2 protein chains.
Amino acid sequence: MRVKKTIFTPVRSKRTFEDVYLQIRQLIMQGTLKPGDRLPPEAELGKQFNVGRQTIREALRILELSGFIVIQIGYGGGPIVKDNIVGKATEMLLDALKLAKISIEEVAAARLAMEKAVLNEAIERADEEDIKNLRENLLKAKELIAKKQSPIDAGFEFHILLAKASKNNAFVILVETINAINRGLRNRKPPDFRTVKAYAQAHEEIFEALIRKERDKAIRLLEKDILEIGKSN
Amino acid sequence: MRVKKTIFTPVRSKRTFEDVYLQIRQLIMQGTLKPGDRLPPEAELGKQFNVGRQTIREALRILELSGFIVIQIGYGGGPIVKDNIVGKATEMLLDALKLAKISIEEVAAARLAMEKAVLNEAIERADEEDIKNLRENLLKAKELIAKKQSPIDAGFEFHILLAKASKNNAFVILVETINAINRGLRNRKPPDFRTVKAYAQAHEEIFEALIRKERDKAIRLLEKDILEIGKSN
DNA sequence: TCACATTTGTCCGTATGTATC
DNA sequence: AGATACATACGGACAAATGTG
């Protein structure tokens, strides 16, 4: 009797461009290729890997979409190693959530769960540097409001700074991701000026509670910030 | 005086394959193309879009990496629309976390935050269907253990089932994602048999606390499940 | 401003491997 | 086993973009 489902994962390095992709990817992941480094042009890569230019191009497409490289055309251009690959992952997760028809409310609940934990850690671990950065962020938002400009970017940055104050880098990336998703899901209409002013106000209050280590109050304010204010728009 | 940083994002749809990618992507996102649907072969697509095969191929590479399609070779093959694109996003987020040199402990803390919220919701919202699924999951794990097989997959499924019981689909996807990341970061050595048995035991206790709606006890058990058990390996 | 070199973007033709009928 | 249909891969060619002299 034959087994229907093998427990082995088939070795499928059939496709040459995947092999090329994996080799370059590993060089980046292990640090041999660092951000800013330039890879040889397509033709030269083809010679070195001993494959056609088309194969190289498909490998570069994947590396580009994955966020590992950017590609400059023209004289002196070519593939350049990039550093931040979080953005691309976020875009794909956003697609996944859109396809699954997830509502903004559901994402907000998840975001709140994450940021509650962040705030809990941040209250304990925030140092002077973090406090200074948060204070500057609030100041920047105030100045923008005074100039009748939207402090929406500063508002997102506030949450990132909180995550950094938690001293947990996983929180930083996940808060970035989930905030970008939240933003992407409601991108049809940007929040009006009154709403973003309310955000800025809420952030100030959260900050005050943070430096006074008033944990419960800070959490309560965060809930208001994430769940209530956004509802109106 | 010139502004140094423009507020405009450059319109760069110069590349034809990106245009092709976006068109097909939109047809999938808006539901015109459904999972299982077959796209025309490369040559035919080239004719319809009025572009060369190479251009089509690069668009297909991106769609494939994004998880929108799979490609079958041979007679009657070609691009086929896929449904689950979460897996690909997870892989990329995993890469991002690896590149940022995030530790398992940091990810575990984030995972715990998310799953605490999940458990809180699940205790309130779980219906008979959820309870039945969880019970079957625990039974399956027990059977595997009796056969001296590792119930590790069932263990991950337990957490997914909890997320489903929360009735929040964002939680489902995010728990899937963060658990896969957790798994990916410690993939060097799979947990030993004693450890997975401890997981299964912890899951049983969490389930008991869940159906009795003993919230604090359930949360405490979850903390043990996520933070302590894994530490040994 | 004007060539010129370099590099990506795109197309075409062709050959090979693979899966189905 | 042979024919068919498809992806994979190679090589050559030209256009477009970009920086250099």
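Predicted model: local features only at pLDDT ≥ 70, side-chain atom pairs only at ≥ 80, totals over all residues.
Which residues touch the most other members of the largest nonpolar core? The views below begin with that core.

View 1. Residues are numbered from 1 along each chain as its sequence is written, and chains are lettered from A and ligands numbered from 1 in the order in which they are written. The largest nonpolar core has 130 residues, and Leu119(A), Phe171(A), Leu210(A), Leu119(B), Phe171(B) and Leu210(B) touch the most other members. A nonpolar core is a set of buried Ala, Val, Leu, Ile, Met, Phe, Trp, Tyr and Cys residues joined through side-chain atoms within 4.5 Å. Leaving aside residues up to four places away in sequence, Leu210(B) touches Leu119(B), Ala122(B), Ile123(B), Ile131(B), Leu134(B) and Leu162(B); contact means heavy atoms within 4.5 Å.

View 2. Ala165(B) is placed in helix H7 (residues 152-165) of chain B; helices (H or I, at least four residues) and strands (E, at least two) are DSSP runs, numbered from the N terminus. Ala165(B) counts as buried because its relative accessibility is 0%. Buried means under 20% relative accessible area, exposed over 50% and partly exposed in between (1.4 Å probe, protein chains only). Not counting residues up to four places away in sequence, Ala165(B) touches Ala122(B), Arg125(B), Ala126(B) and Asp130(B). Leu138(B) is 27 residues from Ala165(B) in sequence and 15 Å from it in space, C-alpha to C-alpha.

**View 3. Chains A and B superposed.** Chain B is superposed on chain A by a rotation of 180 degrees with 0.1 Å of shift along its axis (RMSD 0.1 Å). That is the relation of a two-fold axis. The same surface serves both copies, as 100% of the contact residues of chain B recur in chain A. Copies are superposed by least squares on the C-alpha atoms of residues with pLDDT of at least 70 in both.

**View 4. The protein surface near DNA strand D.** DNA strand D is surrounded by 24 residues, and the closest are Arg15(A), Thr16(A), Gly52(A), Thr55(A) and Tyr75(A); a residue is near a molecule or strand if one of its heavy atoms lies within 4 Å of it. By class, the surface has nine nonpolar, nine polar and six charged residues. H3(A) gives the most to this surface, with three residues. A polar backbone atom of Gly52(A) is 2.7 Å from a phosphate oxygen of DNA strand D, and a polar backbone atom of Tyr75(A) is 2.9 Å from a base oxygen of DNA strand D. From chain B, an N or O atom in the side chain of Arg57(B) is 3.2 Å from a phosphate oxygen of DNA strand D.

**View 5. The protein surface near DNA strand C.** Around DNA strand C there are 25 residues, the closest being Arg53(A), Arg15(B), Thr16(B), Gly52(B) and Thr55(B). Of the atoms of DNA strand C that come within 4 Å of the protein, 67% belong to sugar and phosphate. A phosphate oxygen of DNA strand C lies 2.2 Å from a backbone N or O atom of Thr16(B). A polar backbone atom of Tyr75(A) is 3.3 Å from a base oxygen of DNA strand C, and a polar backbone atom of Tyr75(B) is 3.3 Å from a base nitrogen of DNA strand C.

Methods: Heavy atoms only, no water. Polar contact = N/O pair within 3.5 Å; in protein donor to acceptor, adjacent residues only side chain to side chain. Nonpolar A, V, L, I, M, F, W, Y, C, P; charged D, E, K, R; others polar.
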